[in-house]
Amino acid sequence: MAQINITNVSKIYAGGVEAVKSVSLDIADGEFIVLVGPSGCGKSTLLRMVAGLEAISKGTVEIGDRVINDIEPAERDIAMVFQNYALYPHMTVYNNLAYGLKNRGTPKAEIDARVAEAARMLEIEPYLTRKPRALSGGQRQRVAMGRAIVRKPAAFLFDEPLSNLDAKLRVTMRGEIKQLQKRLGTTSLYVTHDQLEAMTLADRLVVLNGGQIEQIGRPLDVYHTPASTFVASFIGSPAMNLLRATREGSRLHFGSQVLESDRLSALPTELTIGIRAEDLRVARAGEQSLTMKVDYIEELGAQRLVHGMLDGKKLTAALSPEIELSDTIALTIAPSRLHFFDVTTGKRLAQIVDGAVGKREDTGALEMAGG
Amino acid sequence: MTHAPLSSPTPAAPFPSGAGGLFRRFKARPSEDTSAKRVQFNSPLLPYLFLAPQMAIIFIFFYWPSVQAIQSSFYLEDPFGFGSSFVGLANYTDVLKSNEYLGIARFTAVFTALVTFFSLSIGLLLAVKADGVIRGNAAYKTLLIWVYAIAPPVAGLMGMMMFDQHIGPLVKFAGLFGWEMKVGLNYNDTAFAMIVVSVWKQIPYNFIFFLSGLQGIPVSVREAAIMDCRSGLRRFWTVILPLLAPTAFFLLIINTTYALFDTFGVIDVIVKDKAANNPITLVYKVYMDGFRGNDLGGSSAQSVILMIIVFVLTIFQFRFIERRVHYN
Amino acid sequence: MYRTKFFDHVILLSGVFLMVGPLLVALMTSSHEAADIHRNGLSILPGGHFIETYETVLTKEGGFTGKITGLRMMMNSLILGLGFAAGKVLLSMLAAYALVYFRFRFATITFWMIFTTLLLPLEVRILPSYEVMNTLHLTNTYTGLIVPLLASATGTFYFRQFFKSIPDELLEAARIDGAGPFKFFIDVIVPLSKTMMAAIFIIMFVYGWNQYLWPTLMTTEEGFFTLVRGIKQILLVWVGSNIPDYNQAFALAILAMLPPVMIVMIFQRWFIKGLTESDK
């Protein structure tokens, strides 16, 4: 058990490409951190630097109170679960679990005990004498986890461990990983490109883009107050609607359509507006509204995703399936649910307008703008 | 892709000789190809230790002789063994001006073309048929490939029996058509026998590769082709054959080097050191001049010419043929 | 449909006849007496002298010096085949391991130096190679017979390709599990390569057993002759006589092809896999 401190870590490849740009991150003991981002964002590279599989170009990584930059992976007191499991195909499950312990000279009795314990925990006891090829994907995944557990390491590193599983199994395993981590209380660093996985697993999630941290925060905080348009579009499904708008006084112009609110005065005149699909609702008669031309709908059962155009720009609304649909719908949104971003940097303007726009509880509909 | 000749870079075959390997390497983008793993061991000594045996053997038995060949091609060896003198390109000009040498080169070209063509087409024909039938597939396969394991000179010996003046059934058969075959005495008849034996020996190799090439074509692609095209022959030409192109391209090179070099044993057994009136190939000429004629310089010059031919062939085939081949 | 299948089988059977016929004739004819063959030609039916002929061929001392037996030649062929195959597997595995799993300064140049050997077959550098062997006094030795044949990169590329197909994560997992270069080689690479090693061993055994030109040059003492090398000698003796020993010639040919043919037949699946599928 240990905390991990990543300080100004960079990865610069031979060609001068900077895959990770001065990232700093402090992970508390027992915390479950998920690194999430699109492919090529540097999340795996960062993880692999912690594991010792990539050299650290700049900065330091500490596990416990030990700088581990120049320490062999085997000595770092970590265990890793790989995307393709990386089980030794010629060894039985038992030997797969025991191999790392044997190499450390752990006494035989102790190895037996630890393997038995891990096998019990993961319910893979019946398979200990089998070879990996005789196991299903989910069972292999458990063996891979078992190999990490028996080591009793200071930290678990997960490199997209669930992406080789089918959708249903992925959900089950996700739950098991979370439970197991809670029970063992081992500090964990988990890499995924799947935002849903990130949301469900993380104590805190770290959104990476282009080798830099876009945002660190608890899943719900990141969801509700995304720090940038990148995070806004990456976290949450369907992705947050991002629309360009201009402000004239208290009116927001989306092309020819207009919303009015008296609390916009502190905002710049050009901005990007973020709207979560589920924050849109059908306007009641007399309410001010935005008119969406419906293109197609996706039925999700509990919800219905309505995709359409708002003045030539794409917009998605998550509506109740009970609502009757026509070719156009009038939608409205509570002003407190609007997200504002800088047009050029994509950074959130929340701080600037907090006072003006108000809190999330504000549910008052916008007044219909004249014309 | 589950199958090698369709997917790009694989070394195939015990390259009995030569150039085959080169293409596959080129395809694999050698620069990126030299370092394979994301993570490697760092050790100042170990890699050299692991490489040492292989490198030592390559240096002593490959680089040293190759350099010597090039070097002695510029020297004239004293017939009595008292040293040698530098003669520049004289050995080369002598060789290239010799009518005998040019005749042999011509024969080699014809021989290579015919052997390659026939062993490829027969191998392909049999592979396509074996791939098509369900009943007896495995038995055919087994029966068709075992000749691969026979050494060229043993194949040559078998050929000599088949073409024997007294007992050879093929001679008798030819006799039915009024062809008095005199293998070993008549230039053309000998050449014919050589080609037949060389083709025979090489068919299984091509069969193996074409068959696994065919089996590597996804069932879905064949099914799509069946939907799109009624004529089986047309399907073969427009879908199957283009997909087999990488295999065929690879085999073309292997077969060319086979015909140029590996047929040595066949030829040696059939001509039995009496090369005078018999057709021989360039490699055999190198051997004759070097070991029977003791013409070290001339033989070395010929070696170097062969090396250049292999190089040029390699590059030519790579640049001009591979371009028309579909890789996926 | 039925008709096409019928013709397919006709073509395939002709192919089988073409490929197998000569072998069958050789086998059958070898069981007849020489005089009988001389009179009646080749035979596709067994004669009654099978054991006799093979016993003579295997044990009778023959050749120019009258010292070499078929058994001895078979032994030599076996030594060449096994020695070559074992050497090839060992050398190329080690070299490929270094090339794939180590980062070192001269990796690229080493790679190209090994790679170049694929360009020039032994046949084109035969004379200087012979000179080198003379200088090293290695003619008429098993070392001289086997070792120079190892100077090509075929096996190295096989293994290199295979190692590259082993997932990177396996090495990473092993490193986290505390395995060093030797441990990883012994504990992971060797067990994983077993099929590959067997396939290459088989292919290389056949290749070594079938060597002709190099043994012809390297061995002038008949005690070192291999079966394949002896073939021409047989023919030379045979051509001169009145009633050639066809039966013995065929018997030797059968002996020379039997081990490689058997191996290809028995290990057909590995053999074809090794030949065509070395990247999986």
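Colleague: Happy to look at this with you! Which residues of chain A does UniProt list for "domain: ABC transporter"?

Modeller: The listing comes from an unreviewed UniProt entry. UniProt positions are given in the numbering used here, feature names are shortened, and annotations may be inferred rather than shown by experiment. For "domain: ABC transporter", the record gives residues 4–235 of chain A.

Colleague: Before we go on, what kind of model is this, and how are residues and chains labelled?

Modeller: Residues are numbered from 1 along each chain as its sequence is written, while chains are lettered from A and ligands numbered from 1 in the order in which they are written. Local features need pLDDT of at least 70, side-chain atom pairs count only at pLDDT 80 or more, and totals for chains, interfaces and linings use all residues, since this is a predicted model.

Colleague: Thanks! Over residues 4–235 of chain A, how far apart are the end C-alpha atoms?

Modeller: Helices (H or I, at least four residues) and strands (E, at least two) are DSSP runs, numbered from the N terminus. On that basis, residues 4–235 of chain A are 37% helix and 25% strand. The end C-alpha atoms of this stretch are 25 Å apart.

Colleague: Chain A also has an open sheet of five strands; which strands stand at its edges?

Modeller: Two strands pair if DSSP finds at least two bridges between them. The order in chain A is β13-β12-β11-β14-β20, with antiparallel pairing. One side of each edge strand is left without a neighbour in the sheet, because each has a single partner strand; these are β13 (257–260) and β20 (339–341) of chain A.

Colleague: Inside that sheet, which residue of β14(A) stands opposite A:Thr246?

Modeller: Strand β11 (residues 241–248) and strand β14 (residues 270–275) of chain A pair in the antiparallel sense, over six bridges. The residue of β14(A) opposite A:Thr246 is A:Glu270.

Colleague: Now to chain C. What percentage of its residues count as buried?

Modeller: Chain C has 15 helices and one strand, and its C-alpha atoms fill a box of roughly 75 × 65 × 30 Å along the principal axes. A residue is buried if 20 or more other C-beta atoms, placed from the backbone, lie within 10 Å of its own, exposed if 12 or fewer, and partly exposed in between. Of the 280 residues of chain C, the buried part is 53%.

Colleague: Which helix of chain C gives the largest share of the side that touches chain B?

Modeller: Two residues are in contact if their C-beta atoms, placed from the backbone, lie within 7 Å. By this count, 94 residues of chain C are in contact with 98 residues of chain B. The largest share on the chain C side, eleven residues, comes from helix α1 (residues 2–29).

Colleague: And which helix gives the most to the side of chain C that touches chain A?

Modeller: Here the contact takes 14 residues from chain C and 17 residues from chain A. Both α9 (168–176) and α10 (181–192) of chain C supply at least two residues. With six residues, the one that gives the most is α9(C).

Colleague: Where do chains B and C share strand bridges, and what is the partner of B:Phe41?

Modeller: Strand β1 (residues 41–42) of chain B runs parallel to strand β1 (residues 102–103) of chain C, and two bridges join them. In β1(C), the partner of B:Phe41 is C:Phe102.
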